Amino acid sequence: MSTNRILLGKVIIAGQLECLTGLHVGASKDNMEIGAIDSPVVRDPITREPYIPGSSLKGKFRALLEKALGINDRRDIGTKNNPVKVHVCDDDNKAFNCNLCRIFGSTGKDGGKNFPARLIIRDLKLTTDSREKLSDIDTGLQYTEWKFENAIDRVTSAANPRQIERVPKGAEFEFELIYNVEESSHIEDDLKNIKLAIELLKLDALGGHGSRGYGKVDIKLNPISAITIEHLKYGTAEKKVDCPSFDDVSNITALFKGGKQQG
Ligand SMILES: [Zn+2]
């Protein structure tokens, strides 16, 4: 059944992500100039603005939800020297029935088919307001600050000082998730799990150095909208709804059930 996927519509979950503490989503140092900060943040190569890659947010959501849902069968996707164990279903039929893989996708194993993710997570760009505020920041860096961290060797007392670049507290990013509706009976559970991932993130940390206070975020959501594929094709007005919040998604489940409420 999952090999024959059809698109019933889209659910748009958008809002703003605010940094309540400094945020460090790290970039590779490979293309940094000598003398630059030790641990830079990832930036758009054209505008030079810091952003949060959708892949970073997806990895965090997936890891938090895997633990919260108590999913314990994990596959090693790392290398010999760096084993990385995560849950990934072995084929598309298993993924279709898996609360985690059908949201975030899975790659098949031993001939099993891949299951592309239902959830699309956009890269998070600074809001217009934050871009303006941060453009005048007086730190010597563009849009960011740096924080000095010092690790002391417990035996020799030698210091290992380094500077870590952060997006400052108060910065806001545009947040957007698109959930592809493919199976109406899954909508309620999938949205419940996406909501759980967002709530868990607020109580965890995004990016690096979370155990030292970095990466505390708040996410404020706009009303959630749902659009049927018929609306996208023919523009019929009644095929689109807004849901004030995640707490009641009955509008959305009803939309994809031809007006009939579940249960
Ligand atoms: Zn799975």
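**A nonpolar core, a zinc site and a hairpin**

In this predicted model, the largest nonpolar core has 53 residues, and those touching the most other members are I13, F61, F175, L191, I194 and I252. The element that gives the most to this core is helix 5 (residues 187-202), with six residues. Leaving aside residues up to four places away in sequence, I252 touches V11, I187, L191, I224, A226, V241 and C243.

Confidence in the model can be followed along the chain. The average pLDDT of the protein is 89, and 92% of the residues score at least 70. Residues 259-263 have a pLDDT under 50. For this stretch the model has six contacts beyond four places in sequence.

We can turn next to the metal. The zinc ion is held by four donor atoms: NE2 of H87 and the SG atoms of C89, C98 and C101, at 2.0 to 2.3 Å. Along the sequence, these donor residues follow the spacing H-x1-C-x8-C-x2-C. The angles among the four donor atoms are 105 to 113°, and the site is tetrahedral. For four tetrahedral donors, the ideal angle at a metal is 109.5 degrees.

The hairpin comes next. Strand 5 (residues 145-152) and strand 6 (residues 159-166) run antiparallel and are joined by eight bridges. One example of the pairing is N150, whose bridge partner in strand 6 is P161. Six residues lie between the two strands of this hairpin, and S157 in the turn has a positive phi of about 65°.

Most residues other than glycine have a negative phi. Positive values are also found at D110, with a phi near 50°, and at Y143, with a phi near 70°. Where do D110 and Y143 lie? D110 is in the loop between helix 3 (101-104) and strand 4 (119-121), while Y143 is in the loop between helix 4 (128-135) and strand 5. Their surroundings can be described as well. D110 has a relative accessible area of 75% and is therefore exposed, whereas Y143, at 12% relative accessibility, counts as buried.

Technical notes: Residues are numbered from 1 along each chain as its sequence is written. This is a predicted model: local features need pLDDT of at least 70, side-chain atom pairs count only at pLDDT 80 or more; totals for chains, interfaces and linings use all residues. Side-chain values use heavy atoms; hydrogens and water are left out. Donors are N, O and S atoms within 2.8 Å of the metal (3.2 Å for Na, K and Ca); water is not among the atoms, so sites may look incomplete. Four donors count as tetrahedral if all angles lie between 85 and 135 degrees; four count as square planar and six as octahedral if opposite donors are over 155 degrees apart and all others between 65 and 115; anything else is irregular. Two strands pair if DSSP finds at least two bridges between them. Helices (H or I, at least four residues) and strands (E, at least two) are DSSP runs, numbered from the N terminus. A nonpolar core is a set of buried Ala, Val, Leu, Ile, Met, Phe, Trp, Tyr and Cys residues joined through side-chain atoms within 4.5 Å. Buried means under 20% relative accessible area, exposed over 50%, partly exposed in between (1.4 Å probe, protein chains only). Contact means heavy atoms within 4.5 Å. pLDDT is the predictor's confidence in each residue, from 0 to 100.
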